[in-house]
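Please look over the notes below with the sequence and the model side by side.

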Amino acid sequence: MKKLSLIIALIISVSVFAGFAPKNNGNPTPKPNDQGAPAWLNEANATPTPAPTAKPTQTPRPTARPAGATFEPTTDPNFSQTPEPENSSSEQPSATPEPTQTPKPEFVKAGTPEAETIKVPILLYHHISDDFNLTNAISIISPRDFNLHMTAIKTQYTPISLREYVEFVNCKDGSKTLPTNPIIVTFDDGYLSNYEVAYPILKKLEIPATIFIVTDTVGEKSGDGKVNYTHFNWEQAKEMQDSGLIDIESHTNDHVKLGQLDADTVNYELRKSKYLIEKNLGKTCDMIAYPYGSYSDTAIQASKKAGFIAQCLVGDDATDIDYEVNIPRDGVMNLTRITVSGTMGNVNIIELVRKSIANKKTD
Ligand SMILES: [Zn+2]
């Protein structure tokens, strides 16, 4: 039975991801799918031998999981949200007490008291590769772990785009809504791995994301002197942008610390990156992420003047302060992100997000 296998596969995948079992713990090697996608892409849909402790027929809880709840993948009815392209809609209800309908997320309306304090985590990724070690992994995560992270957040939260959040915060007439358990995925720098590895996963799971790019290094290849890892080119950026799932925004032109620069240079960095993105992608560029999290009053004011309506202040340095979440009351000019670094290994991202949400004060 496909759904049963899927649930079992997810239990095992999430267990591995959560660090409960070593990698490659005897599971069959996943096969590439018929589109020729990499093997790890289908890992969550593989059908390994069920572990003796798995309880796939356990009665699920009837209500949607609130944000911040304990990570309990074996009983979550939202597992049926995981993409299952073939025949999933034609399955007949059986005697097994499985969820027959995916619970719809609850929504909060802009302008209401609850809307002011809804907690919104924004994840920050960079490069995705298996080629890293503990000394250079500050901003690299393996494809396998990235896939597991995305599968987990899709199950436990409701991924939204950064733009949806910005529009919600700026909404004055109550016309915008937000799911009660939102999460946002972002990337910095513009690595080719975002296009080759992350984009297929995000498409498969229907997770929107914002990629903040360094415009001077678009299309630059590793070994050519400018970048350590190859960056995607404008055609690839346009393909992602035109999909409607990915939004390409500014991470300055030269990946500089704006907080340490004079006003003229700040203006050059902001306006050149905005111009190049708009010219090459045919869209408005109005959001910025500051490289290294470096900013100043000058930079913030210059960004506003240049037309940036949202600013991510915390960027590449994985410090404690990164592990914060946002609330609409704080606005969108000082968005904070949870930096996911490769040094975390197969970190339990759900636990990290849960703690960050729990730590955020709203009063
Ligand atoms: Zn960066």
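1. Strand S7 (residues 182–189) is largely enclosed by the rest of the structure, because 8 of its 8 residues are buried; buried here means that 20 or more other C-beta atoms, placed from the backbone, lie within 10 Å of a residue's own. Strands are DSSP runs of at least two residues (E) and helices of at least four (H or I), numbered from the N terminus.

2. This is a predicted model, in which local features need pLDDT of at least 70 and side-chain atom pairs count only at pLDDT 80 or more, whereas totals for chains, interfaces and linings use all residues. Residues are numbered from 1 along each chain as its sequence is written.

3. S7 pairs in the parallel sense with strand S2 (residues 122–125) over 4 bridges, and leucine 124 stands opposite threonine 186 in S7; pairing requires that DSSP finds at least two bridges between the strands. Strand S5 (residues 158–160) also runs parallel to S7, joined by 3 bridges, with isoleucine 160 opposite isoleucine 184.

4. S7 and strand S8 (residues 209–213) pair in the parallel sense over 5 bridges, and valine 185 has alanine 209 in S8 as its bridge partner.

Notes:
Buried ≥ 20, exposed ≤ 12 C-beta atoms within 10 Å, placed from the backbone.
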